[in-house]
Amino acid sequence: MLINAKDLNYKVLNETLRKAADDCTVTECCGQRYIAAGMSGKSITVSGIPGNALGAYLNGATITVNANAQEAVGDTMNAGKIVVHGSIGDAAGYAMRGGKIFIKGNAGCRAGIHMKAYKEKKPVMVIGGTAGSFLGEYQAGGVIVVLGLGAKGKEIAGFFPCTGMHGGKMFLRSDCSNIKFPSQVTARTAAEPDMEELKVYVSEYCSLFGYDIHKVLSSPFTVVTPDSKNPYRQMYVADF
């Protein structure tokens, strides 16, 4: 189904998407919020720039954006996949608890904040460019990958990465020699088992955006995980 969003407000656009029986292509999108919020079982392609909370509470649908996206992409996402062929704003994947987000370009501040995992659900976010400050703030589960492609001398992550991190894992395509991590995490060079795990996420990213996986994986990676002595663990992380 083809939907021209030029003269539609966000409520009408989302109601149209919900009622559609088939997969949808949205054209001339310009800042409409909450696109595909809570949806499952369909594929949605967006041309233009969607507004805040794209795919919020997504529950199994696939969203492809052929441009940039604004703040809170995948807010509290439960399942499905979001692919952005551009860059995104702040707070992507806020409280994300399942599914995958792939960003070709850069992410703003607080990407992956409060990301978590539960039982078989393991959220994944792959950022192809760089990430802003407070990356993975209070991360409690899941995986964040930042590749730094096209960074051109810019640090792969901004200030205060992993602040309050108490679960999950982060992969950064850098030796991170100039990045200051908080005391409650451990940052180390990726070993062979780490690289095998990483290959799964990077392979999908490269297939989506046309990159050479061998070239991407040829650079050093840093793995960041919570320290086992982290005081946040007993407060926020339960063994299920």
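Me: How many aromatic pairs does a search of the whole structure find?

Reply: The search finds 6 aromatic pairs, where rings of Phe, Tyr and Trp (its six-membered ring) pair if their centres lie within 6.5 Å, and planes under 30 degrees apart count as stacked, over 60 as edge-to-face and the rest as tilted. This is a predicted model, in which local features need pLDDT of at least 70 and side-chain atom pairs count only at pLDDT 80 or more, while totals for chains, interfaces and linings use all residues. Residues are numbered from 1 along each chain as its sequence is written, and side-chain values use heavy atoms, with hydrogens and water left out.

Me: Why is the pair of Tyr-205 and Tyr-211 called stacked?

Reply: The planes of Tyr-205 and Tyr-211 are 25° apart, at 5.7 Å centre to centre, and planes under 30 degrees apart count as stacked.

Me: Why does Tyr-205 count as buried?

Reply: Buried means under 20% relative accessible area, exposed over 50% and partly exposed in between (1.4 Å probe, protein chains only), so Tyr-205, at 0%, counts as buried. Tyr-211, at 32%, is therefore partly exposed, whereas Phe-159, at 63%, counts as exposed.

Me: How do you know that the charged end of Arg-110 sits over the ring of Phe-134?

Reply: A charge sits over a ring if NZ of Lys or CZ of Arg is within 6 Å of the ring centre and within 35 degrees of the ring normal, and the charged end of Arg-110 sits over the ring of Phe-134, 4.1 Å from its centre.
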